[in-house]
Amino acid sequence: MSDRTYDIAGIELTDDRYTVVQSLVRNKYRAEDSAGNVVLRGKQKMLKLKEEFPFVDADGEPVFRVKAAGMLDVAGNYVLTDSRTDEELVILDNDYSVFQDTWTIRDADTGARLAQIDSRGAAVTLARNVLPFGAWIPHKYEITDADGGHVGAIEGQFSLQDTYEISVDDASDVPKEPVVAAAMVIDAIQGN
């Protein structure tokens, strides 16, 4: 990994655990720290040819945005850009299949892999994609670093609102903001 930092102006996620909750109405999300404080909010802009997700801090100030590189892109690249500096920091690269869902977090300049988020269990992923009420099955993802070492997990909870527990056991080489943003983007893009 390079010496580049992936700091986002206006936000600093320092906890090891976050909860992401989807609103009952449309693709609107909030991320809470382990004390239950809202640290980040994001929503999918509707009726856009390119998927777009602006993120704000607890006070409603813009901190970053995620935007699809292509139009109507279900499996593709999403660029995470710092809203205050306009610097493109990372790419969320989706390699979607019916059996395995993989998101790779890459450096926006070099394309180097920083982390990977993989769905766990082909049977669960298949059921989520093909069964009539498959989207109600909570999904689980494992987060690994560039070398494939365990970093943490994203685990869905069974509830009326999509709720995910994000745990980061070892994030020494993985920027947390893109991981928390990816949990929201994954849910919205795949309509889960």
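The exercises below work through contacts, ring pairs and salt bridges in a predicted model. Residues are numbered from 1 along each chain as its sequence is written, and side-chain values use heavy atoms, with hydrogens and water left out. Because the model is predicted, local features need pLDDT of at least 70 and side-chain atom pairs count only at pLDDT 80 or more, while totals for chains, interfaces and linings use all residues.

**Exercise 1. The nonpolar core**

Task: State how many residues the largest nonpolar core has and which residues have the most contacts inside it.

Solution:
- Start with the rule: a nonpolar core is a set of buried Ala, Val, Leu, Ile, Met, Phe, Trp, Tyr and Cys residues joined through side-chain atoms within 4.5 Å. Buried means under 20% relative accessible area, exposed over 50%, and partly exposed in between (1.4 Å probe, protein chains only).
- The largest core has 44 residues, and Leu40 and Phe55 have the most contacts inside it.
- Helix α2 (residues 176-189) gives the most to this core, with 10 residues. Helices (H or I, at least four residues) and strands (E, at least two) are DSSP runs, numbered from the N terminus.
- Beyond four places in sequence, the contacts of Phe55 (heavy atoms within 4.5 Å) include Leu40, Val63, Ala181, Met184 and Val185.

**Exercise 2. Aromatic pairs**

Task: Find how many aromatic pairs there are, and classify the pair of tyrosine 78 and tryptophan 103.

Solution:
- Apply the rule: rings of Phe, Tyr and Trp (its six-membered ring) pair if their centres lie within 6.5 Å; planes under 30 degrees apart count as stacked, over 60 as edge-to-face and the rest as tilted.
- The count comes to 2 aromatic pairs.
- Phenylalanine 55 and phenylalanine 64 are stacked, at 4.5 Å centre to centre and 20 degrees between the planes. Both phenylalanine 55 and phenylalanine 64 are buried.
- For tyrosine 78 and tryptophan 103, the ring centres are 5.8 Å apart and the planes are at 35 degrees, so the pair is tilted.
- Tyrosine 78 lies in strand β6 and tryptophan 103 in strand β8 (residues 101-107), so this pair ties together parts that are 25 residues apart in sequence.
- Tyrosine 78 is buried at a relative accessible area of 0%, and tryptophan 103 is buried at 1%.

**Exercise 3. Salt bridges**

Task: Say how many salt bridges the whole structure holds, and locate the partners of aspartate 16, arginine 84 and arginine 106.

Solution:
- A salt bridge is a side-chain nitrogen of Lys or Arg within 4 Å of a carboxyl oxygen of Asp or Glu. The search finds 6 of them.
- Aspartate 16 pairs with lysine 176, with the closest N and O atoms 3.4 Å apart. Aspartate 16 sits in the segment before β1 (17-22) and lysine 176 in helix α2, 160 residues apart. Aspartate 16 is partly exposed at 46% relative accessibility, whereas lysine 176 is buried at 13%.
- Arginine 84 pairs with aspartate 57, the closest N and O atoms being 3.9 Å apart. Arginine 84 is in the loop between β6 and β7 (88-96), and aspartate 57 is in the loop between β4 (52-56) and β5 (62-68). Arginine 84 is partly exposed at 44% relative accessibility, and aspartate 57 is buried at 12%.
- Arginine 106 pairs with aspartate 93 at 3.2 Å, N to O. This bridge links strand β8, which holds arginine 106, to strand β7, which holds aspartate 93.
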